[in-house]
Amino acid sequence: MLLEILFGSQTGTAEDVSERFSCMARSTDVECRVRSLDSIRSIEDLGTYILFIVSTTGDGEEPENMRQFWRIIMKKSLSLIPSILSHIHYGLIGLGDSTYPKFNFVAKKLSKRLEQLGAQAICDKVLADEQHPHGIDGCIDQTFTKIFWKTFGDLIGREFQPRMDQRLPSKYQIQWIDDYEKDSSSSQISINNSKIPPGYTSVPLISNTRVTSLDHWQDVRLLEFDTNLPYKCGDVAVILPQCSLTSVHLLANLLNIENKLHKNFIASNEISSLSMTVLELFRDYLHITRIPSRSFFEKLMWFSNDERERERLVEFLQPENIDDLYTYCHRPRRTSVEVLQDFPHTASCIPFNYVFDFFSLIRPRSFSIASSPKIHQNRVQLLVAIVRYKTIIALYREGLCSNYLCRLQPNEHILMRISSSFNLINDNQPAIMIGPGTGVAPFRGWILERSLNDQLLNMLFFGCRYRTKDAYIENDLLKDTINLIYIPAYSRDQEEKIYVQHKIIEYGHLVWEWIKHKQARIYLAGNAKQVPEQVSDALKDVFIKYGHMTNEQADVYLREMERTQQFQRETWS
Ligand SMILES: Cc1cc2nc3c(=O)[nH]c(=O)nc-3n(C[C@H](O)[C@H](O)[C@H](O)COP(=O)(O)OP(=O)(O)OC[C@H]3O[C@@H](n4cnc5c(N)ncnc54)[C@H](O)[C@@H]3O)c2cc1C
Ligand SMILES: Cc1cc2nc3c(=O)[nH]c(=O)nc-3n(C[C@H](O)[C@H](O)[C@H](O)COP(=O)(O)O)c2cc1C
């Protein structure tokens, strides 16, 4: 009996959770296949027993690797066939964050759709929340796991006791190239020598300029790349970052594999094979600095012979100690490599072929393109805020991709692909753009491009802290644009804090006039957490004050603007 685990994951968490459930299945000899939802080509591809694990990204959107499945399952024609999915028994885990307005939107929608099409739930869905005191692992607690396996077992007439303490075979088999060359009988393995993943292009950096003043806490870079990749304003550059060499050496040292860093190997299983050096694996493929999930510790147990370390692992994995594990990993945002440093004996016992089981793949990051193909020919420009912060226990942390970009020198190459993202509509209607911080990025190139036509009206609300330190958009836009009404909100240049939402209210008469009488479209980009709600509230205030609406009417009016795409948002955390 095959259990399919199908995931939709943007930053890898749902994929991690899928792997954990797959390990549980494998520990009880259940045949199990894990794949992304986009490997489903038609509704007939869906098996009988499925565990869906889906996250929500963007502003309540589905992850990129389930977009195609979303179109398939949402097809209107499916509703015409009664109970088309009645043969399917499924479990559903949603991953989300309750600080976003559309909490677990994708899982909720998927659940409704599966029910509509007649699929039968094995047990109640879980809507896991990053904000749960014990994080995602805390939500997918023992209860869901137990009920899921128990009911699944009942359905197929078997009893399951999934265990995570039993070492499973590694996902990949490893052959060092020297050995491989000697052993001619293995020559049928096809080596994938291409180091560039499908869809990506290697593009050189031209310049990397800090655009905030040196005495400002936030480092923001304007990066320019030389490329003729086709794009339009509103698209994003999707970038594959690398882990730092410091972490690579640290890990190699802990695994006792420093002397093999430059050796080539082939990793293969029934489905795929790849060839690279250990250095490339740790730097370009595996996210070795990610915060480890619970299953990382479960796997450490497989190799732990040292009494003290083993005791500590056992403690962490007790269901009642979930809080301790969370406090140890998440509060200080401890990386996997740092955890291995705390368990050096265990780390030194991890065989190299298991590294694929311990670490997930590096996920690409998206950046709004801040240039215009009409103005900046053969160039892609990005405005990148470098993520650096101190944790609650005063440890210094760096975001993977923004710091990788920050370190780049001219002529160094990165892997990039272009993906469409924000639907900036190119018609004659005026555009009201709201872009606090690097949220201004998608509007930068677009405003310059729209300036080529003096009939087009633009209004930009930009937010930063200080006019003299981080108003980086002003140099570019104010000298080269016509028909731009520029309304900055410098939050800390005066005693009381002023943000874009305050400026929207201050300029409410103009905003309302553009919306009501000129059918202006509104675009908001930037921080996903508080800004969308605060901007929505400000817009509603404007509708109430200048459009003479009640609260409810303003609410309906804004929702209608969203439905008709007169108001669009592209936000990120
Ligand atoms: C459609 C889209 C467009 C985007 N456009 C841009 C853009 O134009 N410019 C831009 O700079 N970014 C943009 N981003 C964000 C970008 O993709 C990355 O998410 C961002 O650069 C961080 O990636 P990173 O790898 O450096 O950090 P990661 O290694 O992914 O770490 C980021 C994580 O660190 C944690 N974190 C960050 N700060 C703190 C803190 N103070 N305390 C505790 N934890 C913290 C958070 O959990 C956060 O999720 C965009 C994102 C999307 C989805
Ligand atoms: C850019 C971005 C947008 C997000 N948008 C939402 C959202 O609209 N609703 C929600 O519930 N969670 C949202 N989240 C939280 C994610 O769903 C949550 O972090 C999840 O664990 C990610 O799983 P994944 O790594 O498999 O994609 C968002 C996270 C990010 C980084």
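**Legends to close-up views of the predicted model**

**View 1. Domains of the protein.** The domain assignment divides the protein into domain 1 (2-156), domain 2 (201-241 + 364-419), domain 3 (244-358) and domain 4 (431-572); such bounds come from an automatic or database domain assignment. This is a predicted model, in which local features need pLDDT of at least 70 and side-chain atom pairs count only at pLDDT 80 or more, while totals for chains, interfaces and linings use all residues. Residues are numbered from 1 along each chain as its sequence is written, and chains are lettered from A and ligands numbered from 1 in the order in which they are written.

**View 2. Overall fold.** The secondary structure comprises 22 helices and 22 strands (DSSP runs numbered from the N terminus, helices being H or I of at least four residues and strands E of at least two). The protein has a radius of gyration of 26 Å, close to the 25 Å that the globule rule gives for 573 residues, so it is as compact as a globular protein of that length. This radius is taken over C-alpha atoms, and the rule is 2.2 Å times the number of residues to the power 0.38. Along the principal axes, the C-alpha atoms fill a box of roughly 70 × 60 × 45 Å. Of the 573 residues, 39% count as buried (20 or more other C-beta atoms within 10 Å of the residue's own; exposed means 12 or fewer, and partly exposed in between, with C-beta atoms placed from the backbone).

View 3. Of the 20 residues around ligand 1, Tyr389, Gly399, Cys401, Ser402 and Trp572 come nearest; a residue is near a molecule if its C-beta atom, placed from the backbone, lies within 6 Å of it. Strand E13 (365-368), strand E14 (379-385), helix H15 (400-407) and strand E22 (567-572) each give two or more residues to this shell, and the largest share, four residues, comes from E13. The shell has eleven nonpolar, seven polar and two charged residues (Ala, Val, Leu, Ile, Met, Phe, Trp, Tyr, Cys and Pro count as nonpolar, Asp, Glu, Lys and Arg as charged, and the others, Gly among them, as polar). Ligand 1 lies between domain 2 and domain 4, because both give residues to its shell.

View 4. Ser9, Thr11, Thr13, Ser55 and Gly96 come nearest of the 26 residues around ligand 2. Helix H1 (13-27) and strand E4 (89-96) are the elements that give two or more residues to this shell. By class, the shell around ligand 2 holds nine nonpolar, 13 polar and four charged residues.

**View 5. Contact of domain 1 with domain 3.** The centres of domain 1 and domain 3, taken over C-alpha atoms, are 27 Å apart. Nine residues from domain 1 and eight residues from domain 3 take part in the contact (C-beta atoms, placed from the backbone, within 7 Å). On the side of domain 1, H1 and helix H4 (135-139) give two or more residues, and the largest share, four residues, comes from H1. That side has one nonpolar, four polar and four charged residues.

**View 6. Histidine 413.** Histidine 413 is placed in strand E17 (residues 413-419). Histidine 413 is partly exposed, with 14 other C-beta atoms within 10 Å. Neighbours within four places in sequence aside, histidine 413 is in contact with Ser202, Val203 and Pro204. Threonine 201 is 212 residues from histidine 413 in sequence, yet 9.4 Å from it in space, C-alpha to C-alpha.

Methods
Two residues are in contact if their C-beta atoms, placed from the backbone, lie within 7 Å.
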